[in-house]
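My entries follow in the order I made them.

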Amino acid sequence: MAARSSKAGLGYVSPTKTTHSGENTTCILNKADAGPPESHRYFLARRTVLQMLRDRGCVIDDSDLNRSLSEFRSAFGDQPDPDQLRICAPLSSKPSKKILAIFCGAEEINKAKAIGILLNVMNKESLHRIILVLQGKMNHYARKEFDSCQVKVEFFPITELFVNITTHAAAPKHEILTTEEKEQLLLKYKLSDKQLPYMLESDAFARYYGLEKKQVVKFTYNSKITGLFVTYRCVI
């Protein structure tokens with residue numbers, strides 16, 4: 001294993017950053033499609049959410065995951081109702097626990113709207129996470145309502161979901177370490193959490209996987225520039 005620091009394999013390489021400008025979004029939506037842009041937006045975002053849930057260990061049906069744009073429009077229409085796009089997927093490791101993904105409309109989410117969304121979520125005790133896909137703005141009071149929910153609520157602007165950042169050609173191979181694997185790593189190099197290169201909990205990659213503080217990810221880079229290079233990052 002190649003090394004770039006005194007601690008083998010623990011060197012730092014900046015993550016691939018993905019930005020979504022208005023121009024890029026327009027290009028994605030217009031590429032090879034002359035249909036209604038609203039349904040295309042929802043199709044791209046819902047597909048990425050399904051991939052995200054699968055990558056988090058949820059049970060996702062292949063027929064839903066591999067649905068084409070035309071099949072999506074046949075199922076949900078040219079102007080999809082966000083309520084019909086909800087996804088509730090069980091964790092394969094614990095089927096009694098589920099992740100719920102809710103697609104919101106374009107209107108701003110205020111406190112009253114946030115309360116309404118949460119009131120319409122049934123059986124909260126069976127949920128592991130709630131994911132909100134946002135099209136409009138959300139004010140501070142709404143955010144406080146979601147933060148006080150008994151289930152952790154995550155937020156993703158819909159434009160961040162048009163592309164799956166983990167499948168980008170420049171994205172390194174990645175592996176989320178188990179608790180045992182993390183302990184073995186720290187023992188091997190005689191390190192503490194704070195001595196590992198870090199990744200913010202707000203990093204796009206960490207948010208995609210729903211990572212929490214102190215989780216560690218192994219990244220493997222292999223290119224003509226870097227050669228084979230392994231690095232680890234701890235979420236802070």
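This is a predicted model: local features need pLDDT of at least 70, side-chain atom pairs count only at pLDDT 80 or more; totals for chains, interfaces and linings use all residues.

Residues are numbered from 1 along each chain as its sequence is written, and side-chain values use heavy atoms, with hydrogens and water left out.

**Overall.** I looked up the secondary structure and found eight helices and eight strands. Helices (H or I, at least four residues) and strands (E, at least two) are DSSP runs, numbered from the N terminus. The protein has 236 residues, and 43% of them count as buried. For contacts (heavy atoms within 4.5 Å), I took pairs at least 6 apart in sequence; 67% of these join residues at least 24 apart.

**Salt bridges.** I counted a salt bridge where a side-chain nitrogen of Lys or Arg is within 4 Å of a carboxyl oxygen of Asp or Glu. Side chains of opposite charge can pair when their charged atoms come close. The whole structure gives 13 salt bridges.

I then looked up Glu154, whose side chain meets that of Arg56 at 2.7 Å, N to O. Glu154 is in strand β4 (residues 152-157) and Arg56 is in the loop between α2 (37-55) and α3 (62-65), so this pair ties together parts 98 residues apart in sequence. Glu154 counts as buried at 8% relative accessibility, and Arg56 is buried too, at 15%. I noted that Arg56 and Glu154 belong to a salt-bridge network with Arg129 and Glu212.

Next I checked Arg207, which meets Glu160 in a salt bridge of 2.9 Å, N to O. Arg207 sits in helix α8 (residues 204-209) and Glu160 in the loop between β4 and β5 (173-176); the two are 47 residues apart and link distant parts of the chain. Glu160 is partly exposed, at 30% relative accessibility.

Asp64 and Arg67 form another salt bridge, at 3.0 Å, N to O. Arg67 is partly exposed, with a relative accessible area of 22%.

**Surface.** Accessible areas come from the Shrake-Rupley method with a 1.4 Å probe; for residues, only the protein chains shown count as cover. The accessible surface is about 13100 Å², and carbon and sulfur atoms hold 51% of it.

Definitions and conventions
Buried means under 20% relative accessible area, exposed over 50%, partly exposed in between (1.4 Å probe, protein chains only).
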